[in-house]
Amino acid sequence: MSIDLFTFPNLLFFFKRCPRYIEPQNLTRVSEFFLTGLSDDLELHPLLFGLFLSMYLVSVLGNLLIILAVSSEPHLHAPMYFFLSNLSLADIGFTSTTIPKMIVDIQTQSRVISYVGCLTQMSFFMLFGCLDSLLLAAMAYDRFVAICHPLRYLVIMNPRLCGLLVLASLFISVLVSQMHNSIVLQLTYFKDVEISHFFCDPSQLLNLACSDTFTNNIVMYFVGVISGFLPISGIFFSYYKIVSSILRIPSTGGKYKAFSTCGSHLSVVCLFYGTGLGVYLSSAVSTSPRKGAVASVVYTVVTPMLNPFIYSLRNRDIQRAMQRLLSKTI
């Protein structure tokens, strides 16, 4: 999942040089990496396989239902639901980047991933992680306009602006992903080929690399600011304005009604950034990389899986749309 919670650890690792005492033969030009996974206990593998397959299917089906419900109901063709359907699509991509590979590895007892496969997985991980962050910022702006400028909401949040916000988010995410890739492609020598994770985590890969150039550090800071600091700043600013506007409403019922329209989005924001921050803090405190990998399950699987439930349980329009959609298919 900031600065960008996926990129900030990378910045720290990038300042670590290869120790001077490493012999030249230990600096390996690699064609593949070895993923340690979540557990070496073979007896746990069937349980892990069933657990992650179930969570992945629930995540994909739940987010797919959100997309189908929004697209099939004309009264849901509103800016908030447009952003929600795009967030669901990004969540499907985010979880599909890592979990299917892990499920296959558990089933085949193989943990090898090629150098190209590792870069591809890391590239899509950065892309969808950044896209999630930017879409949450766009949704915060949508809620700001809806509460602070209700009479001009449809004028400001017109289809053209909504489309531009999504396209800009996608463009920035691709840019961030490719900038990150350009850094990694320069890393031809590694201290080891074992990645202490169940996927090609950018911070773990950079920790194995033997590179420490000033240009790379500047690019990584730039990536962190764009993909993390700016979206978080936008979300904080939007909710600062929202809270200020709500506090000026005289009636308690009016305050509750206004704030309830932000409840689902605020819950998702807290879940997304809270779990990412928790993973970062746990990896910083714990000396075991395996524990960091276990903690990463929360934001790579659990968060995308819970988002559809948060929006469907707190939104009656989504509930009714899903019920009608399911009744048509049954």
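**Exercise 1: Aromatic pairs**

Find how many aromatic pairs the chain has, and work out which class the pair Y141 and F144 belongs to.

*Solution.* Start with the rule: rings of Phe, Tyr and Trp (its six-membered ring) pair if their centres lie within 6.5 Å; planes under 30 degrees apart count as stacked, over 60 as edge-to-face and the rest as tilted. By this rule there are eight aromatic pairs. In one of them, Y141 and F144 have ring centres 6.0 Å apart and planes at 40 degrees, so the pair is tilted.

Before going on, note that you are working with a predicted model: local features need pLDDT of at least 70, side-chain atom pairs count only at pLDDT 80 or more, and totals for chains, interfaces and linings use all residues. Residues are numbered from 1 along each chain as its sequence is written, and side-chain values use heavy atoms, with hydrogens and water left out.

Helices (H or I, at least four residues) and strands (E, at least two) are DSSP runs, numbered from the N terminus. Y141 and F144 both belong to helix 4 (residues 115–148), where three residues, about one turn of the helix, separate them.

Last, look at their cover. Buried means under 20% relative accessible area, exposed over 50%, and partly exposed in between (1.4 Å probe, protein chains only). Y141 has 32%, so Y141 is partly exposed, while F144 has 15%, so F144 is buried.

**Exercise 2: Salt bridges**

Count the salt bridges and describe the one between D105 and K101.

*Solution.* Side chains of opposite charge can pair when their charged atoms come close. The cut-off here is a side-chain nitrogen of Lys or Arg within 4 Å of a carboxyl oxygen of Asp or Glu. With this cut-off, the count is two salt bridges.

Take D105 and K101: their closest N and O atoms are 3.2 Å apart. The two residues are four apart in helix 3 (residues 79–108), so about one helical turn separates them. D105 is buried at 9% relative accessible area, whereas K101 is partly exposed at 24%.

Now take D142 and R143, whose side chains meet in a salt bridge at 2.8 Å, N to O. Both D142 and R143 are buried.

**Exercise 3: A buried charge without a partner**

Say what surrounds D132, and how far away the nearest side chain of opposite charge is.

*Solution.* First, locate D132: it lies in helix 4. Then check its charge: Lys and Arg count as positive and Asp and Glu as negative, while His and the chain ends are not counted. D132 is buried but has no salt bridge, and the nearest side chain of opposite charge, R143, is 16 Å away. Finally, list the contacts (heavy atoms within 4.5 Å). Leaving out residues up to four places away in sequence, D132 touches L87, A90, D91, F94 and F272.

**Exercise 4: The chain as a whole**

State how many helices and strands the chain has, and what share of its residues is buried.

*Solution.* Count the elements first: 12 helices and three strands. Then turn to burial: 51% of the 330 residues count as buried.
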